[in-house]
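Subject: Structure handover

Hello,

Here is the structure I promised you. Please open it first, then read my notes below.

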Amino acid sequence: MTTFIDADAVAGLIGFSSGRAFLAARFRLETQEHFPQPMPTCQRPMKWRRDAVTAWREERGLPAATAPVIPVGSNVILMREARRA
């Protein structure tokens, strides 16, 4: 079964600090590095196929993301991560 992921999840898979940072680099990645394009849909947020993003990452020899998955709305975790930075 195909899994679709949003910009935040894509960012985590390929090493960007946030979905916003990934979206800022998206055009360059698609045009210069053949990054997979989002699925054609009128729904927002945009969605990408997880398997396509993972294959792109592995093709380039990028390491799997090691950043912790932070649940949305989890201020306690965000504050703890901010203190470490």
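Start with a pair of charged side chains. E59 and R60 meet in a salt bridge, at 2.9 Å from N to O. A salt bridge here is a side-chain nitrogen of Lys or Arg within 4 Å of a carboxyl oxygen of Asp or Glu. Side chains of opposite charge can pair when their charged atoms come close. E59 is exposed, at 63% relative accessibility. R60 is partly exposed, at 29%. The cut-offs are these: buried is under 20% relative accessible area, exposed is over 50%, and partly exposed lies in between (1.4 Å probe, protein chains only).

A word on the source. This is a predicted model, where local features need pLDDT of at least 70, side-chain atom pairs count only at pLDDT 80 or more, and totals for chains, interfaces and linings use all residues. Residues are numbered from 1 along each chain as its sequence is written, and side-chain values use heavy atoms, with hydrogens and water left out.

Now the confidence. pLDDT is the predictor's confidence in each residue, from 0 to 100. The protein has a mean of 82, and 75% of its residues reach 70 or more. Helix 2 (residues 19–32) scores highest, at a mean of 95. Helix 4 (residues 75–84) scores lowest, at 60. Helices (H or I, at least four residues) and strands (E, at least two) are DSSP runs, numbered from the N terminus. Be careful with residues 66–74, where pLDDT stays under 50.

Next, helix 3 (residues 50–59). Which of its residues are buried? They are V53, T54, W56 and R57. These residues cover an arc of only 160 degrees around the axis, so they sit on the same side of helix 3. The arc is that of the directions from the helix axis to the C-beta atoms. E58 and E59 are exposed on the other side. The cover over the buried residues includes strand 1 (4–5), helix 1 (7–14), helix 2 and strand 2 (48–49). After helix 3 comes G61, with a positive phi near 70 degrees.

Back to the charges. How many salt bridges does the whole structure hold? The search finds five. One of them joins E58 and R57, with the closest N and O atoms 3.9 Å apart. E58 is exposed, at 53%, whereas R57 is buried, at 8%. Another links R26 and E30, at 2.8 Å from N to O. R26 and E30 are four residues apart in helix 2, so about one helical turn separates them. R26 is partly exposed, at 21%, and E30 is buried, at 16%.

Best wishes

Terms used: Contact = heavy atoms within 4.5 Å.
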